[in-house]
Amino acid sequence: MKFYRKKGKKSDRAKIIARLEALTREILIKERGLHCEIHPSKNCTQVGVMHILSKRSHPRLRFYTPNLVLAGWFCSHFWTHHNSDDPRAKFCQQRLEEIYGKDYKEKLYVANRFSKQHTTGYLKILEIWCKQRLMGMG
Ligand SMILES: [Zn+2]
């Protein structure tokens, strides 16, 4: 007898993560506006949330807004992920230093030391906190 996993059925945890991704994106847009932070004077397309320290290497900073940047996919995001030696990726790092200070990565490493493991319980509380933060932004 075979057992099939129901397709398209997300776990509760996956649902919370999806909601948190939407919430943090909304917070960022309210805070910074929907435009590429790397090229403020250009009209970059496909602007999305980019993690400075990656989700894989630093999962605890996944929803930590100082670790998040609104950036265009083709101008910045793609290069940062696929080839950090590419001039476009290098420019991205330069811009982040300009905006957030030369020690922006060090500050994130410190924040990572003090951040909590993302248990489902913690994510639930984080979701409530994000909603409150968003409401407070009006
Ligand atoms: Zn851009």
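**Fold and core of the predicted protein chain**

In the protein chain, 72% of the contacts with a separation of 6 or more join residues 24 or more positions apart, two residues being in contact if their C-beta atoms, placed from the backbone, lie within 7 Å. The structure is a predicted model, in which local features need pLDDT of at least 70 and side-chain atom pairs count only at pLDDT 80 or more, while totals for chains, interfaces and linings use all residues. Residues are numbered from 1 along each chain as its sequence is written.

The protein chain contains five helices and two strands, arranged along the sequence in the pattern α-β-β-α-α-α-α. Helices (H or I, at least four residues) and strands (E, at least two) are DSSP runs, numbered from the N terminus. Along the principal axes, the C-alpha atoms fill a box of roughly 55 × 40 × 30 Å. Of the 138 residues, 17% are buried; a residue is buried if 20 or more other C-beta atoms lie within 10 Å of its own, exposed if 12 or fewer, and partly exposed in between.

Helix H1 spans residues 12-32 and has 21 residues. From its first C-alpha to its last, H1 reaches 30 Å, close to the 30 Å expected at 1.5 Å a residue, where the expected span is 1.5 Å times one less than the number of residues. In the loop between H1 and strand S1 lies Gln 46, which has a positive phi of about 50° although it is not a glycine. Gln 46 is exposed, because 12 other C-beta atoms lie within 10 Å.

The largest nonpolar core has 11 residues: Cys 36, Ile 38, Cys 44, Val 47, Met 50, Leu 68, Val 69, Leu 70, Ala 71, Cys 92 and Leu 96. Such a core is a set of buried Ala, Val, Leu, Ile, Met, Phe, Trp, Tyr and Cys residues joined through C-beta atoms within 7 Å. Strand S1 (47-51), strand S2 (68-72) and helix H3 (87-100) are the elements that give two or more residues to this core, and S2 gives the most, with four residues.

Leaving aside neighbours within four places in sequence, Leu 70 is in contact with Leu 28, Arg 32, Leu 34, His 35, Cys 36, Glu 37, Val 47 and Val 49. Ala 71 is found in strand S2 and is buried, because 25 other C-beta atoms lie within 10 Å. The C-alpha atoms of Ala 71 and Val 49 are separated by 6.4 Å, although these residues are 22 residues apart along the chain.

The axes of helix H2 (residues 73-82) and H3 come within 8 Å and cross at roughly 105°. H2 is therefore roughly perpendicular to H3. Cys 75, Ser 76, Trp 79 and Thr 80 of H2 and Arg 88, Ala 89 and Cys 92 of H3 make the contact, and these residues divide into four nonpolar, two polar and one charged. H3 has 14 residues and reaches 20 Å from its first C-alpha to its last, close to the 20 Å expected at 1.5 Å a residue. Just after H3, Gly 101 takes a positive phi of about 95°.

For the angle between helices, axes are lines fitted to C-alpha atoms, for helices over the stretch in contact, and angles run from 0 to 180 degrees between N-to-C directions. Angles under 35 degrees count as roughly parallel, over 145 as roughly antiparallel, 65 to 115 as roughly perpendicular and the rest as oblique. Ala, Val, Leu, Ile, Met, Phe, Trp, Tyr, Cys and Pro count as nonpolar, Asp, Glu, Lys and Arg as charged, and the others, Gly among them, as polar.
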